[in-house]
Amino acid sequence: MSRTTAPTGPADLVLTGARIHTVDPELPAAQALAVYDGRIAWLGADADAARWTGPDTTVVDAGGRLVLPGFIDAHNHVRLGSDDACVQLAGVRTLDAIHHEIRTWHAAHPDAEWIEAEAFDYSAIPDGRMPRATDLDPATGDTPAFVLSYDVHTAWLNTAALRRLGIDRDHTSLPFGEAETDPETGEPTGFVKDFAIKGLSRDGHRALKELGVPWAGADRQYGRLAKSLDDAVRFGITTVVEPQNSLDDLSLFERARAEGRLRSRIVAALFHPRGTTDADLDDFAAAAQRFADDRLRVGPLKLYIDDVVEPRTAALLEPYAGCGHHRGETFYPAAEFGELLVKLDARGFQCFVHATGDRGIRTVLDAVEAARAANGPRDARHQVVHVECLDPADTSRFAELGVVACMQPRHCAPEIAGPGQDWAENVGPERWHKAWPMRSLHSAGAVLAFSSDWNVAEMDPMIGIYTALTRQPLGGGVAWQPEETVSIETAVHAYTMGSAYANFLEEERGSLTVGKLADFVVLSRDILRAAPEDIPGTVAETVVVGGEIVHESGR
């Protein structure tokens with residue numbers, strides 16, 4: 001069986017000798033495909049490929065390897081990225097080790113005006129508490145230090161940085177976050193919450209830049225973006241959904257496009273913090289009109305309803321483990337958030353809402369239900385992003401309300417969130433069954449859109465797929481909540497067609513179907529047949545976007 005369109009000449013590119021998994025139930029498999037003018041013109045058997053080949057046709061022999069649609073990473077902070085100018089703290093598990101890394105970097109950069117670091121792990125701080133300036137001071141001395149958590153939801157400052165940034169007991173509500181204070185003295189501790197909400201906003205980023213924090217500079221921002229875009233192509237990610245941008249940030253994508261660094265396609269969501277005005281919404285709508293091609297599209301809105309479990313800022317239905325009353329807060333009262341979503345839905349905006357706690361998620365679902373009641377059902381495809389702790393009573397509501405579950409499988413790995421880690425300990429064993437319920441959502445008919453949440457976790461889809469299949473540590477070991485694993489076919493669908501549907505791209509991307517954009521990846525290993533433990537380490541040998549080879553491993 002084959003499928004074809006009628007191009008006016010030989011194909012621009014022909015792929016042969018492949019095991020093509022199309023993610024299209026109408027034609028699930030093929031051996032070869034032809035590309036004409038950036039789109040798939042034909043799928044079929046190797047024996048029929050010659051008729052599509054002319055003297056100028058690029059022919060790629062897959063050598064029997066698995067070919068999949070290009071991965072669509074539905075939540076990937078390529079603009080935030082990872083910064084080579086920062087001290088890298090990923091995998092550093094103790095405060096002493098953090099001191100060592102910072103001292104080593106500072107010794108190599110003795111004239112640095114700032115010490116900047118990223119990816120500190122909350123569990124590295126002793127006694128389960130949050131970090132303080134006095135924890136940093138021994139390693140940094142009088143050089144101001146600015147350290148971001150691995151989830152970029154909090155910042156950690158030393159005493160010199162508190163002084164440089166003008167943070168004291170009378171100035172704790174900052175344009176880039178909320179400075180925690182000591183309950184006894186009222187003095188700022190050096191720990192800054194709500195950084196993802198305020199620090200990554202338009203005003204917050206501008207404030208950091210004006211205060212002289214190098215991390216916020218335009219060239220540093222572009223460097224992070226360019227490096228992350230290169231990584232995305234290398235991993236076979238042909239479409240990236242960048243989930244949180246201000247209008248100021250769009251020029252960075254334009255620069256990347258002009259300089260040839262935008263090889264993956266981009267969907268850029270615009271951040272809607274509290275205080276966003278009707279005039280801002282008009283500007284957002286205008287930006288969506290301006291950026292609307294298949295390489296760079298702007299349009300969805302990013303909102304937050306709660307924060308994260310590790311520092312106990314996610315909103316839970318019941319108190320955190322070991323707490324008498326504290327169950328976190330939502331950024332909006334439920335009624336106000338419902339009114340906001342009704343308004344945004346009425347204007348036709350699609351909303352991506354960060355929600356990790358079970359009360360936060362329920363608040364979002366209630367708001368979508370209110371919007372449907374007020375505005376009538378429409379194909380809005382609002383997303384709950386993360387869905388980390390879901391009450392079973394709300395599982396069926398995703399499909400009923402047409403809400404997409406945008407999830408990051410790697411986040412539920414035992415070495416990140418499982419027993420002994422802050423996430424699991426803060427939620428408590430009696431609620432572990434609520435953790436990342438991927439199989440339950442899929443079984444209930446919800447659309448799953450998988451993603452990496454880079455740079456919170458590794459960008460490589462192979463790592464996300466492995467975790468979705470096993471819920472084991474990356475090196476193997478005991479699975480955590482294995483009843484919520486999914487099949488390899490489900491995981492691949494969630495990283496391709498599920499993410500395409502989640503972003504209104506299913507007519508153009510997500511499967512290898514005649515007429516769709518020719519975005520695909522040739523993998524070094526057949527992950528559909530491989531043992532799960534062999535999936536990590538699989539590489540994208542050839543990556544094609546719009547019929548153009550944009551990456552070949554080893555070149």
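Over the ring of which residue does the charged end of R234 sit? Select F235: the charged end of R234 sits over its ring, 4.4 Å from the centre. A charge sits over a ring if NZ of Lys or CZ of Arg is within 6 Å of the ring centre and within 35 degrees of the ring normal.

A word on the model. It is predicted, so local features need pLDDT of at least 70 and side-chain atom pairs pLDDT 80 or more, while totals for chains, interfaces and linings use all residues. Residues are numbered from 1 along each chain as its sequence is written, and side-chain values use heavy atoms, without hydrogens and water.

Next, pick R381 and Y501. The charged end of R381 sits over the ring of Y501, 3.8 Å from its centre.

Now the aromatic pairs. The whole structure has 15 of them. Rings of Phe, Tyr and Trp (its six-membered ring) pair if their centres lie within 6.5 Å; planes under 30 degrees apart are stacked, over 60 edge-to-face, the rest tilted. Select F146 and W215: this pair is tilted, 5.9 Å centre to centre, with 50 degrees between the planes. F146 counts as buried because its relative accessibility is 1%. Buried means under 20% relative accessible area, exposed over 50%, partly exposed in between (1.4 Å probe, protein chains only).

Move to F271 and Y304. Their pair is edge-to-face, 5.8 Å centre to centre, 80 degrees between the planes. F271 and Y304 are both buried.

Last stop: select F120, Y122, Y150 and W156. Ring pairs link them into a cluster.
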